[in-house]
Amino acid sequence: MQSIAAFVAADFSDESEEDHAFYTAMAERSRTQLQNTGGQTSGIEKIEMELATTHLAVQRVDERHTTTQNSLVTAVEDIEGIDANEVAAQVLQLQSMMEISYQTTAITFQLLLSNCL
């Protein structure tokens, strides 16, 4: 963190040959301090990998949410978009079928053995 802070605090605005050399030297020192010499992954690299993984996970969750939202919008539109005339026709059809069933049941109950003979 000290290397990054020193690098950020330095002023390279003159664009002179000395500034270029100073920039190169600061960059090299920062790079050597930030790189891990033991062959292991540094903390900054680990954080970068975690951020990349998290970013990918967030993108996938966003895609799932979009898909779910589209499915729910379609379902609501199907429910709310019913034609009133079609519903009335289906209710009348159901009513007619129930009346026929009731009449058939009533006739069946009136059948007695004496009525059949």
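Colleague: Which residues does Ala10 touch, not counting residues up to four places away in sequence?

Modeller: This is a predicted model. Ala10 is placed in the loop between helix 1 (2–9) and helix 2 (17–34). Its C-alpha is 8.4 Å in space from that of Tyr23, a residue 13 places apart from Ala10 in sequence. With residues up to four places away left out, Ala10 touches Phe22 and Met26.

Colleague: Is Val87 buried, partly exposed or exposed?

Modeller: Val87 belongs to helix 4 (residues 84–110). Buried means under 20% relative accessible area and exposed means over 50%. Because the relative accessibility of Val87 is 37%, this residue counts as partly exposed.

Colleague: Which residues form a nonpolar patch on the surface with Val87?

Modeller: The patch has about 250 Å² of accessible area, taken together over its members. Besides Val87, the residues that form it are Ile82 and Val91.

Colleague: Which element of the protein chain has the lowest mean pLDDT?

Modeller: The protein chain has five helices and zero strands. Its mean pLDDT is 81, and 77% of its residues reach 70 or more. Helix 4 has the highest mean among the elements, at 90. The lowest, 61, belongs to helix 5 (residues 113–116).

Colleague: What percentage of the residues in the protein chain is buried?

Modeller: The accessible surface of the chain comes to about 10600 Å², and carbon and sulfur atoms account for 59% of that area. The protein chain has 117 residues, and the buried share of them is 6%.

Technical notes. Residues are numbered from 1 along each chain as its sequence is written. This is a predicted model: local features need pLDDT of at least 70, side-chain atom pairs count only at pLDDT 80 or more; totals for chains, interfaces and linings use all residues. Side-chain values use heavy atoms; hydrogens and water are left out. Patches are made of residues with over 30% relative accessible area and no salt bridge: like charges are joined within 9 Å, nonpolar side chains (Val, Leu, Ile, Met, Phe, Trp, Tyr) within 5 Å. Accessible areas come from the Shrake-Rupley method with a 1.4 Å probe; for residues, only the protein chains shown count as cover. A salt bridge is a side-chain nitrogen of Lys or Arg within 4 Å of a carboxyl oxygen of Asp or Glu. Helices (H or I, at least four residues) and strands (E, at least two) are DSSP runs, numbered from the N terminus. Buried means under 20% relative accessible area, exposed over 50%, partly exposed in between (1.4 Å probe, protein chains only). pLDDT is the predictor's confidence in each residue, from 0 to 100. Contact means heavy atoms within 4.5 Å.
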